[in-house]
Amino acid sequence: MFHIRTLSLSDKNKDSKIHIEEHNNEDKIRFITEGQQRMIISNSTTSGNIGIGLNFNNPTSTLDIQGNLSVTKSIGIGTTAPTKELEIIGNINIKNGSYYKNGVLFTGGGGSLWDEGTNNHIYYNDGNIGIG
């Protein structure tokens, strides 16, 4: 019987490696470049989570990114065919943060032409308003 505790593939100078199960029953595959872990595939939560980031060891989502994300084309949330750079089908909740439009804090009451006033007043900045 042949047992390998850790399987590791490396390049000639050993600064790029693929480690399979560093410890007994760990169930993780680690990708290392320039001597630092860059990606991990973990089955410790039985969901096959993937973690991307420098020395990131414990992904908690299916795809967990630690660091910045750059996307060349479009991102769709709730859609597989986004028509804009970011398209969201569903509700957006901004919690403990702010929404900016063209770098300026947006405080409108539902549209860019509406402004929140004081004393429960709402102001419309352009054009006419029809009632009834």
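Me: A contact means heavy atoms within 4.5 Å. With that in hand, what share of the contacts in the protein with a separation of 6 or more comes from residues 24 or more positions apart?

Reply: This is a predicted model, by the way. Among contacts with a separation of 6 or more, residues 24 or more positions apart account for 2%.

Me: How many helices and strands does the protein have?

Reply: There are 0 helices and 12 strands. Read from the N terminus on, the elements go β-β-β-β-β-β-β-β-β-β-β-β.

Me: What makes strand 1 and strand 2 a pair?

Reply: Two strands pair if there are at least two bridges between them. Strand 1 and strand 2 (residues 17-20) have 4 bridges, in the antiparallel sense, so they meet the cut-off of at least two. Leu7, for one, stands opposite Ile20 in strand 2.

Me: How do you know that strand 3 pairs with strand 2 and strand 4?

Reply: Same test, at least two bridges. Strand 2 and strand 3 are joined by 4 bridges and run antiparallel, with Ile18 opposite Phe31 in strand 3. Strand 3 and strand 4 (residues 36-42) are joined by 6 bridges, antiparallel again, and here Arg30 stands opposite Ile40 in strand 4. Both counts reach at least two, so both are pairs.

Me: What sits between strand 3 and strand 4 in their hairpin?

Reply: There are 2 residues between the strands, and in this hairpin Glu34 takes a positive phi near 50°.

Me: Why are strand 1 and strand 6 called edge strands?

Reply: Picture the open sheet: 6 strands in the order 1-2-3-4-5-6, with mixed pairing. Strand 1 (7-10) and strand 6 (63-65) each pair on one side only, and that makes them the edges. Neighbouring strands of this sheet are turned by 15° against each other on average, direction ignored.

Me: Which residues of strand 3 are on its covered face, and which on its uncovered one?

Reply: In strand 3 (residues 28-33), Lys28, Arg30 and Ile32 form the covered face, while Ile29, Phe31 and Thr33 form the uncovered one. In a regular strand, side chains alternate between the two faces of the sheet.

Me: What share of the residues counts as buried, and how much accessible surface does the protein have?

Reply: Buried means under 20% relative accessible area. Of the 132 residues, 14% count as buried. The accessible surface comes to about 10,900 Å², and 50% of that belongs to carbon and sulfur atoms.

How values were computed
Residues numbered from 1 in each chain as written. Predicted model: local features only at pLDDT ≥ 70, side-chain atom pairs only at ≥ 80, totals over all residues. Heavy atoms only, no water. Axes fitted to C-alpha atoms, helices over the stretch in contact; angles between N-to-C directions. Buried < 20%, exposed > 50% of the residue type's maximum accessible area, 1.4 Å probe, protein only. Areas by Shrake-Rupley, 256 points an atom, 1.4 Å probe, with all protein chains shown as cover.
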